[in-house]
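I opened my notebook to record what I looked up in this structure. I wanted to go through a helix, some salt bridges and a pocket in turn.

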Amino acid sequence: MEKTCTSVWNNCLQVIKDNIPAQSFKTWFEPVKAMRLEENVLTIQVPSLFFYEWLEEHYVGILRKTVKKFLGEQGRLEYNIVVEKSSTSIPFTTNIPSNGNGAEGKNQSIPVPVALNKNIKNPFVIPGLKKLQVDPQLNQNYTFENFIEGECNRLARSAGYAVANKPGGTSFNPLMVYGDVGLGKTHLVQAIGNEIKKNLPDKLVIYVSCEKFCQQFVDSLKNNTINDFVNFYQAMDVIIMDDVHNFAGKEKTQDIFFHIFNHLHQSGKQIILTSDKPPKDLSGLEERLLSRFKWGLSADIQIPDLETRMAILKKKMYSDGIELPESVVEFVANQIDNSVRELEGAMVSLLAQSTLNKKEIDLNLAKSMLKNFVKNTTKEISMDYIQKLVCEYFEVPVEMVKSKVRKREIVQARQISMYLAKAHTKSSLKSIGNFFGGRDHSTVIYACQTVEDLIETDKKFKTYVQDIQKKLKAS
């Protein structure tokens with residue numbers, strides 16, 4: 001049987017899968033694609049330079065062994081790396097052979113969107129400033145030890161830990177962590193800062209919110225100290241900026257940060273950012289700034305699953321030196337599923353209720369307290385709103401969903417709308433069928449079953465449904 005790149009890579013994956021943790025395999029190997037097989041050289045495509053470095057540093061041994069196993073002693077591995085230059089240009093790829101030396105592979109020359117000049121000198125830097133003691137503005141409680149890892153944040157945490165151990169020395173510079181409010185972005189980026197200060201105490205690290213930075217810039221303009229303002233930030237070894245989406249509409253502040261960013265990046269200094277959206281979805285920011293945000297790695301933090309939420313609560317309990325029944329922990333984790341901040345807030349409220357009222361914390365107390373705590377998130381959702389949300393998501397006309405049209409995208413939107421209507425409203429199957437074009441209840445049952453089956457078998461379809469459900473919860 002003739003060997004193909006796909007068959008050889010699939011064989012390699014079977015061996016790798018049996019030798020590494022399931023989550024590591026899902027994170028680092030499932031996104032990799034086999035590209036070609038020529039003269040015993042297997043080329044695989046990885047989605048970014050970050051992936052290449054991670055595989056070479058952590059999995060090069062098993063990669064080399066499996067390739068030789070299926071291609072013989074002459075078998076070699078080559079990477080095809082996708083590199084995005086800017087939001088307006090088509091991503092290009094570059095081929096790099098695996099050198100099999102783990103982290104040493106980072107020293108070879110790799111074409112990236114910017115040429116760094118390590119010897120660049122800033123004529124405005126104040127001599128001796130680096131010898132000053134600078135308060136990093138970090139919360140000492142925000143550490144990696146206190147940050148619960150789960151599938152929802154594994155990529156962001158792994159990247160953050162790599163940055164913390166080698167600030168400015170990895171390809172993910174800048175590192176942007178994005179996600180909804182209350183999911184732990186600030187905790188993670190400050191944990192990076194605290195880890196750097198612990199391991200490299202001489203490094204100048206500064207954490208600043210975007211709003212604070214903007215206010216400092218305005219003050220420097222008023223006081224005619226703009227040079228001091230720029231000099232201070234350009235002297236940093238690591239800058240951690242929170243909520244960069246707040247730059248929207250502030251053109252002068254964006255301009256000054258653009259120049260600070262360029263100086264730090266070209267000097268090999270580390271830049272860490274957080275945002276509520278990925279760079280491609282940010283609005284109100286200059287294109288030249290957005291393109292620089294895309295130079296490194298953008299890693300998202302998602303809503304934690306039940307197991308992760310329970311782990312977060314148990315970590316909080318351990319830190320506070322308290323014990324709670326497993327049933328209470330599970331109940332709280334089930335009730336609050338969209339924010340780590342709210343989850344911890346609920347735990348604090350529960351402890352306060354117990355202390356002030358001198359009651360033992362049990363399931364009844366938890367139910368009583370959470371009834372008020374989450375009352376604002378239990379608004380009834382209408383079928384009309386679900387239909388509108390689904391149609392906006394798939395960009396199809398609302399009237400088409402109620403029609404007899406059988407186009408694939410229309411049928412998909414109709415079935416997901418029925419599925420969500422059954423899950424999120426109190427309407428009967430007959431009412432749902434009538435609402436969506438006068439269909440009978442059996443059509444609704446079939447639609448719900450189809451959606452459930454596709455969620456189990458089609459990852460892309462599952463993502464569609466999860467995205468829409470997040471929007472429903474946010475409403």
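The entries below follow that order.

**Ground rules.** I am working with a predicted model, in which local features need pLDDT of at least 70 and side-chain atom pairs count only at pLDDT 80 or more, while totals for chains, interfaces and linings use all residues. Residues are numbered from 1 along each chain as its sequence is written, and side-chain values use heavy atoms, with hydrogens and water left out.

**Helix H19.** I took helices (H or I, at least four residues) and strands (E, at least two) as DSSP runs, numbered from the N terminus. H19 covers residues 441-457, and its 17 residues reach 25 Å from first C-alpha to last, close to the 24 Å expected at 1.5 Å a residue (the expected span being 1.5 Å times one less than the number of residues). I then looked up burial, where buried means under 20% relative accessible area, exposed over 50% and partly exposed in between, with a 1.4 Å probe and protein chains only. The buried residues of H19 are Val-444, Ala-447, Cys-448, Thr-450, Val-451 and Ile-455. Seen down the axis, these buried residues fall within an arc of 160°, so they line one face of H19 (the arc is that of the directions from the helix axis to the C-beta atoms). On the other side of H19, I noted that Tyr-446, Glu-456 and Thr-457 are exposed.

**Salt bridges.** I counted a salt bridge where a side-chain nitrogen of Lys or Arg lies within 4 Å of a carboxyl oxygen of Asp or Glu, and by this rule the count comes to twelve. Lys-198 and Glu-195 form one of them, at 3.6 Å from N to O, and they sit three residues apart in helix H6, about one helical turn. Lys-198 is exposed at 54% relative accessible area, whereas Glu-195 is buried at 8%.

I also looked up Lys-269 and Asp-237, which meet in a salt bridge at 3.6 Å, N to O. This pair links distant parts of the chain, 32 residues apart, with Lys-269 in the loop between helix H9 and strand E8 and Asp-237 in the loop between helix H8 and strand E7. Both Lys-269 and Asp-237 are buried.

**Second largest pocket.** A pocket here is an open set of points on a 1 Å grid over the protein atoms alone, where a 1.4 Å probe fits, with protein on both sides within 12 Å along at least five of seven lines; lining residues have an atom within 4 Å of a point. The second largest pocket is lined by 32 residues, and Tyr-142, Gly-184, His-187, Val-340 and Glu-344 lie nearest its centre. Helix H11 gives the largest share of this lining, six residues.
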